[in-house]
Amino acid sequence: MKKWLRLLFDVQNELILISKWEIFAQSCDIISSMSIKIAFHTLGCKVNQYETEALKEKFVQKGYEIVSDEDRADIYVINTCTVTNLADRKSRQFIRKAKRLNEDAVIAVTGCYAETDPDEVSSIEGVSLVCGTGEKAELPKYIEEYMSEKGVVVEGAGDRERLDSYHSDGIITGMDSRTRAYIKIEEGCDRFCSYCIIPYARGKVRSRSLAEIKAETKGLIDRGFKEIVLTGINTALYGKDIGFDGIEPLIAELDAMPENFRIRLSSLEPTVINKEQVRSLLKYKKLCPHLHLSIQSGSDNTLSTMSRRYTRQEYLEIVKELRSFDPHYGITTDIIVGFPGESDEDFAESISVCDEAQFVKVHAFKYSPRRGTRAAEMKNQIHGELKNQRSQALISHAERVSEDFRRSCEGSIRTVLFEEFEGDALMCGYTDNYIRVYTQADESKLNEFCKVKLDKVYKDGMKGVIIDE
């Protein structure tokens with residue numbers, strides 16, 4: 001098969017990729033050094049962020065030059081999300097922006113929006129290639145084939161039978177962050193909540209091998225990362241397809257590694273775990289006392305209509321278990337407002353559950369109908385203005401709850417991993433229980449664990465003082 005990128009020159013023992021564009025531009029002169037510029041734009045979840053990092057490594061290994069998505073590039077890779085209508089719209093907006101940045105660019109669209117609606121995506125002006133979630137790891141090959149053949153190509157998207165086995169992204173060796181690295185441990189979800197399109201976009205549950213996760217963890221730690229964040233479409237389901245009884249065996253293996261690092265779970269679903277299973281995780285010393293535990297609604301009526309498989313009280317029992325272990329255990333969550341049939345009383349229960357759970361942070365979402373889900377076909381849809389009002393009310397209330405929780409932590413001592421400077425004066429990082437901390441420190445504390453006394457509420461976090469050990 002012809003390839004657009006096919007000419008290789010050995011210049012001082014380095015292989016240089018030469019594109020057709022460059023050959024014409026230089027009138028066939030020998031080029032000593034030039035690379036094809038590729039930009040990435042990622043929307044949505046931490047899994048997408050991880051998969052983009054894996055793609056970057058693949059393209060770098062092939063000799064491509066990574067540039068900002070604000071720059072003119074030869075290729076744009078857009079890793080889309082489809083959890084809401086807004087996510088779809090943002091994806092379309094960036095496709096058009098990429099076309100404006102370079103009208104001759106190859107624009108490759110992958111991710112969940114590309115998977116669930118490949119025909120719509122391929123019809124957008126400027127799109128060169130549409131790649132489904134199951135083929136994402138093969139994107140470098142597809143792009144090079146497209147550059148040879150031309151014509152809009154759709155690779156695999158929309159065919160759910162491809163989403164039956166785990167397709168490894170390979171072992172990632174680095175991240176954009178200097179301190180925190182994400183590791184994808186599983187793919188897919190079988191919960192089928194009535195509002196959610198993601199099981200259709202990501203397929204059945206497929207777990208990554210324990211050996212590969214451990215190898216990637218070891219490699220990242222050796223490169224200096226101090227926090228490993230385990231992520232997946234539904235991390236609580238890890239292992240159930242390969243003979244493990246949930247995620248605990250994986251946590252146990254990582255916790256036993258001798259290196260100095262901490263583990264953070266990006267989320268656990270109360271649709272899968274209960275308070276007894278959560279209790280069993282509390283003994284692992286490397287596991288941060290912070291969970292993202294998505295409640296989605298404080299109303300039992302709404303939870304039932306959402307097919308969430310737990311009650312408000314069962315959720316709060318998990319919270320109680322965590323707080324009995326650590327009164328300042330950090331809990332973050334997602335709440336959807338404006339779900340079909342949500343009454344004023346139902347919404348009030350979502351407000352009140354924030355008070356009972358004392359969340360560190362609430363991610364508020366306005367319900368967005370997703371074609372193909374049961375909720376999209378339900379009657380009594382909530383009109384947009386009421387959704388807006390409820391969203392603003394929830395955000396305001398959640399901010400007050402978060403401030404109350406942080407104020408309750410004043411005077412406590414927590415472990416902070418410092419990540420960056422805020423302006424010229426303050427260094428910032430996160431406590432083990434997920435509070436952003438600002439303090440006076442020098443560069444020697446970057447990417448180091450420090451004991452910090454939390455002093456007072458400040459901005460979106462707290463000010464603190466490093467305690468000499």
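The following dialogue goes through selected features of a predicted model and the criteria behind them.

Visitor: What should be known about the model before reading it?
Guide: The model is predicted, so local features need pLDDT of at least 70 and side-chain atom pairs count only at pLDDT 80 or more, while totals for chains, interfaces and linings use all residues. Residues are numbered from 1 along each chain as its sequence is written, and side-chain values use heavy atoms, with hydrogens and water left out.

Visitor: What does the pLDDT say about the chain?
Guide: pLDDT is the predictor's confidence in each residue, from 0 to 100. The chain averages 88, and 86% of the residues score at least 70. Over residues 1–33 the pLDDT is below 50, although this stretch has 57 contacts in the model beyond near neighbours in sequence; a contact means heavy atoms within 4.5 Å. Where pLDDT is low, the predicted coordinates should not be read in detail.

Visitor: Why is Leu139 called buried?
Guide: Buried means under 20% relative accessible area, exposed over 50%, and partly exposed in between (1.4 Å probe, protein chains only). Leu139 has a relative accessible area of 0%, so Leu139 is buried. Leu139 lies in helix α6 (residues 139–149); helices (H or I, at least four residues) and strands (E, at least two) are DSSP runs, numbered from the N terminus. Leaving aside neighbours within four places in sequence, the contacts of Leu139 include Leu55, Phe59, Val77 and Leu129.

Visitor: What makes the buried residues of α8 lie on the same side?
Guide: Leu210, Ile213, Glu216, Thr217, Leu220 and Ile221 are buried in α8. They cover an arc of only 130° around the axis, which puts them on the same side of α8; the arc is that of the directions from the helix axis to the C-beta atoms. On the other side of α8, Ala211 and Asp222 are exposed. The buried residues pack against α2 (46–61), β9 (180–187), β11 (227–232) and α9 (248–255).

Visitor: How do you know what span to expect of α8?
Guide: The expected span is 1.5 Å times one less than the number of residues. Helix α8 (residues 210–222) has 13 residues and reaches 18 Å from its first C-alpha to its last, close to the 18 Å expected.

Visitor: Why is the pair Glu248 and Lys283 called a salt bridge?
Guide: A salt bridge is a side-chain nitrogen of Lys or Arg within 4 Å of a carboxyl oxygen of Asp or Glu. The closest N and O atoms of Glu248 and Lys283 are 2.8 Å apart, and the pair therefore qualifies. Glu248 is in helix α9 and Lys283 in the loop between α10 and β13, 35 residues apart. At a relative accessible area of 22%, Glu248 is partly exposed.

Visitor: What makes Asp432 and Arg414 count as buried?
Guide: Asp432 has 15% relative accessibility and Arg414 has 8%, so both fall under the limit of 20%. These two residues also form a salt bridge, with the closest N and O atoms 3.0 Å apart.

Visitor: Why has Lys286 no salt bridge?
Guide: Lys and Arg count as positive and Asp and Glu as negative; His and the chain ends are not counted. The nearest side chain of opposite charge, Asp255, is 5.3 Å away from Lys286, therefore beyond the 4 Å limit.
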